[in-house]
Every structure is written in C-alpha cells, then in structure tokens.
Amino acid sequence: MALFHVLAAAYAAATAAFVAKPLPTLKTARPSLRAAPAMVETLLKPDAKLPTHPAFRKGTLKNGLEYVILPNASPAGRFEAHLEVFAGSADEREDQQGIAHLVEHVAYMGSRKRERLFGTGSQTNAYTDFHHTVFYACCPLEAPLPEGALNQLLLGRGGAMLPRALDALCEVLQAQFLPARVEKERAAVLSEMSMVNTIEYRVECQILRTLHAENALARRFPIGLEEQIKAWSVDDVVKFHSEHYRPDNALLYVVGDVKADDVELAIRTAFDGVPKATSPNPVPPCLKAQSRHFPPIVHEWSGGRFDQTSAVPLDGERILEMTDDQKNEYLLPLDVPAVPHPSTGVPVRAHVFQHELLQQFSFHLFAKRPVERITTLAEHRAVTTKRIVLSALQVRLNVLARAEPLFSFVEFQHLDSAREACAVCSLDMNGDAARWEEAVAAAVKETRRMGQFGLTQSELERFGAALVTDSEQLAAMGDQLAHGEQLTHLMETVACEHTFMDPATAHEATVLAVQSLQLDEVNAVARDLMAHVVDFGAPDAARPSAMIACSPAFLADGTPVKIDSEQLLAVAAKAATEPIEPEPELIIPAALMEREDVAKMLPEKVVPRTFAEVAGDEEAKAAAALGVRAQRLANGARIMVKGLPHEAQRGALRLTMAGGREGEAALKSALGSAAVGARTLQEGGAFDPWSREQVELFCVDRLIMVEVTCSEEKITVDFGFPTPPPRSGGCSGVEAALQLVHKILYPGAFLWEPDAFRRAQIGHEQQTETSLRSMEGAAQEKLLEDLLGRDERFLSLGKADADALKLEDVEQCMMAQLDPANVEISVVGDFDAAECERLAVAYVGAVPRPTDVEPLTDRDPSSTNAKLPASPGEPRRVHVPDSDPRAVAYVMGAAPNRLGVLADGRTLVERLLGTSDLSKAPERWRHPLFAAVALSLVQEVANRRLFSVVRERKQLTYDANFRFSEHERIKGGWYLVSVTASPANAEKALDACRETLQALGGSSPPTADNLEAARRVLVNRHLAELTSNKYWCEQLTGCGMDAIPQKTLMGLRDYPRLAEQVTVKDLQVILKALDTSDDKIHTCIGTSGTADSAAAAPPVVESHDAVMINPLMGGRGR
C-alpha cells in the first residue's frame, strides 16, 4: 500500500490559528548568535586583526611537513585527511608536460597502504591542478569488522582509521615506481586524456590560454601532451617525484570529528619517519613569494594600484624586488596578440574561438588583480563591500536576462583563485549566436551602469541585510557544516593567507562591516571593480586582461557565424560609450499575499482521520520514528513535513508533480509541452499583481533559490531558503516558499508570459543541439532508441517539435500536472514542524482542484518496452565530426526500474520466485524496498569489478561505469555500462565490459568481500546524507503517491537494516536475472574525429536530429 489514500485535516482549527498568529519579528525569530565578548572587543579596535578560529591548529614537524587540524562535528564519527603537495602542472619544465599528473596516478594507485582502506566505508582519491597535487581519504573514525571470524582474521579491518589513513597518505611521499605500475598508469592517463577532451574542456582551455597568455598557465594544462607522456622513462617520473614530493613542500589537513591532540600525535607517528630533504627548498622570485600555495608565475595586472605592472605584492605595502631578467623568466611571449581599440588604439587582448561542436555563443571579459589578504577588520569590510556590489549587479543581470531572450546565463564575479595566483574579475555570458552583438552590448552596458552610477540606497540596504542573513546562518550552523565544505573553505583560506575565523566571529565582523557602510564608499568600490568596463579603451584607464568569445561556426540552419577579434572588440567598445541611465528604485513586496486572503480560500471543515487509519499502523510507526508529519488534504495534495536541525536556519521544499514527459501522452498534451513548460516556469516568475522583477527581488531578500526540472516521469520544483524572516521584515523563509507554491498551483495566479516561453524554447533547443553534436549524446540516443524504439518519453525533443509548440500548449500541460491532487510537497528544515505543517495546510489547502479528472499520481504507471538487438554481437556505430579523435563504448540491457519493478508489472522478487505469493520468501525479500537496496549494492559491486578488470588488469580505459536507470513510477528500466577509450581500443574496451558483466552473473560472481565493501559505501553515504535537507526531500519524494507502492516511509526507516541483511546469494541471483547474454544486450561504439579519422572507422550511422539533454541516467535537467 502507498503512504496515503485519503486524509482531511481539521481545517477549522487550522484556519483560526493561521489568521490569529502574527508574522514573526526579528526579535522573536532569531536566536542570539554572537561571538565571545573578548573577540568582539578585539574587532572594535582600530586596525583590528581578525581572530583565528579557536579550534584551528597549525604546526610543523622537524622534517618540514606543515599540518592544519580543525575539529568539526558533522558528520559525526568521520574525518577527512588531505595531503597537499605543492607540485602541479605549472611546476613542469618544457619537456615534462603532464608529468605531475602521471606522478599523482602512480603514487596514488601504487599505494598498498591505501588498499587497506577498502571495504571500510572510506573514499579515497587524488587530483592535480596548476598549483598542487592533492591526495585525500574520507573515513569513519572506526573501521567496521567484517562478518565472520575467518574474514576478521584474514582482513583485520576493525580499529581506528586515522592512523591507517595517515599511513596511506604518508606513503605518497615515499612512493615506489615499479615499471609495471608506471606503464599501467601511463595507459590510464592517455585514456583519461581522451575522456576529458570534450568541447567544454576545449572551451575552458581556450579561455585560460587567452586570460593567462603571458605566463605558464596558458601552456601547462594538467592533462599534459600525449607525445611527451608516451616518451618518459621510469627515471624521468622518479626524478619529478624526488624533486617535489618532500615533506617541506607539502601540507596536511585533517578535518573531522576528532580531538586535535590525538590527531597531532597520529601525524607525528605517521610522518616523523619521512627523512628531511637534504637540499634547501628556496622560494622562486614570483607569486610563490606571496603564498607558497600559488603556482610559480607572474601576471600583468589590470586595475587597482598595480595596474599595467607585474608586481608581486607581499604583506602590507611591500613588493618583491625583481630584476627584469627574473620577470622575463616568468613573462612569456603572448600566444594571443593584442588588438587595437577601434577609437583610441589602446591594445586589448581579444580572441575568438569557433568550433563546429559549439551551439551557444559565450563571451568573457576579464581583469586580473593581486589576491589581497583578509586579516584585519578593515580588509574584511572591504571584501564585504565587494560582495554587496556583486550581489546587486548579479540580480540586475538576472533581470536583464529574463527581459530579453539574449542570454541563457550571465554573471559578474570577483573571486580569489589560488590555482591562478590572482583575483579574477569576470563578466561571463552565454547566449544565442544569432544575436551575439546584442548580447555582448547588453551585458557590457549593464555592468557599466553599476560601475558608473552604483547601487541605489534600497539595494545597499537589501543586499547588506541578505549578506548578514547568510553569515548568520553559517554562524548558527557552527561546526555542523559538513567536513568537505569546511575543508574546501579552509584550504582556499590558508592558500590565500586569509585569517580563518570561526563562523560566529565572522558573523560579528560582517555585521560591523555592513552597519558602517555608506552608499558613496560602496559605489566607489563598484567603480573600482568595474573600471576596466566603465572607462574601457581610455588611454589612461585600466585595461581588461583579456576578452574572448567562443562561438559556433554555423547556426542551426547552416548560416555561418561571422565574428573575429576586431568585430568583438568593436561591439564591446561601442557598448562602453552608449548613453545609460541609473537604476530606478523598486518597491519590493513584504509578502506575496495576506494571510486573511488565504484563510478565506480554505474549504469547509471536515472530519479528520488519524494517520494510522489512512496509511496503516506500520507506516504510522515509521512516520513517528522518522519524525515526519504527513497529511493528504481535501484537494488531494500530499504534504510531508520534517524538522531537521542539522542545517541551522535552513530549509528545503520539493514540489513534485507526477507526469513529466510521460504526462504529455497521458494527458493528450502536445509533444514536448512538459519539457518546454517546466523551463517556461523556471524562466517566468510573475504572479498577479507582482512583476517578475518584484518577485525575484522578494526571493533575493529571503535568499530563496528555485530550480525546476522535468524528467521522464515527473516535474520537480526545488526551493532552498533561510527559515527566519529577512532583516528587512516580512514573512519567514518557510512561509515565503509556501506562498510561492500557492501561487504556482493556484489557477490563473502564475502568469505564463510569451517572452519566458520563447526563452524556454531557445534554451531547450540550444541544449538539444549541443547534445546532438556530442559523441556521447549521439551514441546514447541511438542506443536507447535501439532498446526502446521511438519512445518519446526518453528521447529528447527535436527542434521542429519545440518550434511547433504554442504557449497555450505548455500552459495546458503544466496546469494539468499542477492539479493539487497530482502533487506531493515535502518540507524539511530547521523550523517548528507543527507550525510549518499548519502553514502548508493553509497555503496548499487553499488551492482548488481545476478538474475532476483522475490525477496521474493515482493512475497505473506506463511501462517500458525493451526490444531485442537486431544484430546480436554487432555494436551500433555512431560517428560525430570533430577536430580531435575520441571514442566511447556502451553496453545496455533491460532491467527493473530503480525500485525493482519490471516492465510487465511484476516486482523483481516476484520474478525470482516465479509467483506473486511472497509468503514463503525470506522476510527481507518481502520488504517493499528490498529490491531497491539490492540493486544499489549490485551497482556498487559492478563498478568496482569493472574498475579492477577493464582499467587495472586490461589497461583499456581510465574509468568504466555501471548505472541503473533512475525512474521509479514507470515500470521497467535498463542498465548502462559506459567506457571511454582511444578509438583503437574502443572495441576491446566494449568487449571487456560485456565479458566482465556476464562473468558477474556467472563464472565470477560477487564475493562476501565485494558485498561488504559495497555495503559500507552505501550505508555510510546514506547516514551521512541524513543531515541534509535536500536529501530528505529527495527520499520522501514518491512516498505519498499511490502509483509507487514500493516507496514508503517504512522503507526509508529500514534502509540501513535492509542493506545489512542482503546476502551474497541475493546479489548472485539478481545478477543472473539481468539480461546480459549476447542476444539480449545492445552495444554501441561512438567515435569522433576528422574526415580522415572517420574514414578509417566503421561505417557512420544515419543522421539524427534528436539527442538526449541528459541522456539515459535520470532524465532531463538533473
């Protein structure tokens, strides 16, 4: 049985309480979140130094290894240890391009001590960047004992994990470079090179090459050069390791549920034995002198006191003294020549990159400045001012993007970047290539407006208050931020040599900064930030560091896109001189509706029923155990509310509508109306009587984020918000989110605007075209078509079908799916659950049903219809024209859906038993969530096996991946194995994946050790995520839908227990039941390359005009 049939709330009592209770005020809504008085006193002193986090501990071992320790409470019982080695691709010589990455692979994959972390619920990995290489381990404090005395004796995996993790990281500094391992990782790196070489990666490389044309970052991408990677000897690799992997060139971070003294002792025990380097480690005369975390480069600066210089700032006013020869060692000849400004002749580094795989135009305008340390209150105040300016400008840009279908994305930001050794100020925009001149001009003019005229007084107050609210939430969370989030912030803060404060003190500093700001000084900062735009081209003004456009070579209709660097510069220069007006003041609503008006909409009172009467005793017990309050309202809407304190002062709400692409056919709507309709909902936002801009600023005041997605079986609207009211007054974040839900659901309240619809069409078509030109998208589309035929639920929308849609088509389809009886609402967060439930009942219960038609959520779901391969054993071939050769291979077959329901309507358990009578089945098999848990374990086991065989043993790929489809309502699904390889190895990699999968179901089944390792990963991930509002909303999704009887609160409660109960035999039986024989699987090899490489490849498939937006795994927009 599903969670609900019918439940009516006691509306009379709810209505009375709803109207009577006043809106909360700032005094009643906020707890005190203040730093210690001594710290506040420190902050108030002139030139006050910011106090360091009291739990932050830093030290250095005798061999030179530095370490940083930060105790942190969440998630409990776990820690993360990251070893940062200051050796990245920028440290490579001309003949070493890619060697830092190869050393990372060998040191990481060759570690025997790292293997001791397997099966303990730990995750380990490593990565290489311009400025460093990082190795990390995320582990439980205590390792679980394997099942059985023999396994405990053989594996010995119980006990404290911190010493084990530190030993594994220490081994990186003393890595063994066995020839076999070097060759294995050389093959993996070459495969990875092919995998990452997507058009998105090439665009990023073009941007960085233009931005950093004067230094090594433009020439030292971490992936390296293929011919060099193939040529190095083992000695070459060892030499780089010996030179850079030394304790005085590394920093160890440990963050987690730990005691600093214990960690310090463990660090000494693990690392004291590493010998001190015999030679000194001098600081080179470059930006490494500012911070050793930076890459060894220098920059040509844009704006500020160092404008048009290559100075290296040190602390205070000091500058590193450098000779011309030393500067010239780091300043390299420009790869991108400067173009003279059309009016003044001032040289500007402008570049245009065009490629046939690109479908959207993008524009990027940069200014590079030195990273400025944040160690005093005055410096914190300066960065706070910049954040207010950037927030205000971003909202203006968002409003601009919604006013004209010129942009799919536009952003202005100023970020410290340790990897680039500078603060990058950037204007970034994506848009329609056919109107690129208009888009560039509009973005430049709006940025100029902010720089020239600054903020309005109301903007200063609004965004200052929003910044304080944001810092207050962080203060409320304290050490409840996840270890990974804390560590990312900690590493960037330490790298830039900022003071790492505790959240409460940082909040006090932010309050003091915001309270002291005046409009004139804020606007002076705005002008300084945007000086390279406001005074663009003036002889004595700040010059942009770079300007780049990335454009399709042709429009969708074959028309060439005409653009070069001179044209690009001319358009930007013209926009920098056209007349502009200051931003007008705008009235922002304190609430979208009045409570009295909502109360009048509520239906007559009805007789309430208990939850047990509606859902059964077991579900009632599960709801109580989980702390979930659940109702089904008189209009049919399902509501679930859970208070969760882990994310202090934060909440999440998910509005789910059954249907999605499936609903188009079920509701007899136009093809594509749900896909484009969901995007129209995202692009719109006007609610009568409020304009789109007013609603957007209402959300900005409350820091509400909204995301709309459409999949094959549902549409979701996700809200994230602070729970207290904003400092400007008005309703709380919870109530504001529910007001938005009411307006979306209420017939006629949401305004379906033609311009939002047109932007949705354009954005959808651009995404489709981008995927159409990609090797992965083209191959997956054809493969899925082979398996399921022309099933429009899973195939993306062709341009002709999208263009044929009308606004009334999408409105009709969306409003039918927005029927209250078809929706489910989950609200989770740090709030009073009873109060939240009362608000939800009022706002959602006041929405009338537009029709008596049976909602999709109560209908029997449709099924997939898998077909057998036409030519078993012969892979489908797909080739996509490209400048670079790449290949990918896929194996696909029919499977149950994510909850274990087959296409014929039987459950996986019923198929295994051969009957629907489960009375004689093992108790665990009778649990409605058993199949879902078992399939998740199969997925983990299959991924580990593919890695071991295809990557490690056969050295055919960097990575291979196994996934089940994610839908839960539609009956039946599929599994997909994907593997990237070189074109020469693609068929071998495909065969290896197929054979590995078949062996799992036959000659080489999962072992107890395989299961135990998968179980630890699954359970630890689940338990860690239970502190997340978003995760709870995702897990509750579907629990109220009658058409998904396997999705229950009981299943959510029992998830860890079920994972522990699954046996090896269960996995073996399930794997045997999957369709993996040659006559039932579909295979495909996708290749890309030039006409010459295509000629050597197998025959090209027929042309295709529809490619999946987010192919195969999980539908669109995830």
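Colleague: Which helix is R181 found in?

Modeller: R181 sits in α8, residues 179-196. Helices here are DSSP runs of H or I, at least four residues, strands are runs of E, at least two, and both are numbered from the N terminus. This is a predicted model, where local features need pLDDT of at least 70, side-chain atom pairs count only at pLDDT 80 or more, and totals for chains, interfaces and linings use all residues. Residues are numbered from 1 along each chain as its sequence is written, and side-chain values use heavy atoms, leaving out hydrogens and water.

Colleague: Why is R181 called buried?

Modeller: Buried means under 20% relative accessible area, exposed over 50%, and partly exposed in between (1.4 Å probe, protein chains only). R181 has 14%, so R181 counts as buried.

Colleague: What does R181 touch?

Modeller: Leaving aside residues up to four places away in sequence, R181 touches V106, M109, G110 and E952. Contact means heavy atoms within 4.5 Å.

Colleague: How do you know that C731 is in no disulfide?

Modeller: A disulfide is a pair of cysteine sulfur atoms within 2.5 Å. For C731, the nearest cysteine sulfur, that of C699, is 10 Å away, so C731 is in no disulfide. C1033 is in none either: its nearest cysteine sulfur, from C836, is 10.0 Å away. The structure holds zero disulfides.

Colleague: And what makes C1033 buried?

Modeller: Its relative accessibility is 2%, so C1033 counts as buried. C731 is buried too, at 0%.

Colleague: Which residues of α24 are buried?

Modeller: In α24 (residues 617-626), those are E619, A620, A622, A623 and L626. They cover an arc of only 160° around the axis, so they lie on the same side of α24. That arc is taken from the directions from the helix axis to the C-beta atoms. On the other side, D617, K621, A624 and A625 are exposed.

Colleague: What makes β21 and β23 edge strands?

Modeller: Five strands form an open sheet with mixed pairing, in the order β21-β25-β22-β24-β23. β21 (876-881) and β23 (960-964) each pair on one side only, so they are the edge strands. Two strands pair if DSSP finds at least two bridges between them.

Colleague: Why do β23 and β24 count as paired?

Modeller: Five bridges join β23 to β24 (residues 973-981), and the cut-off is at least two, so they pair. The two strands run antiparallel. N961 has S978 in β24 as its bridge partner.
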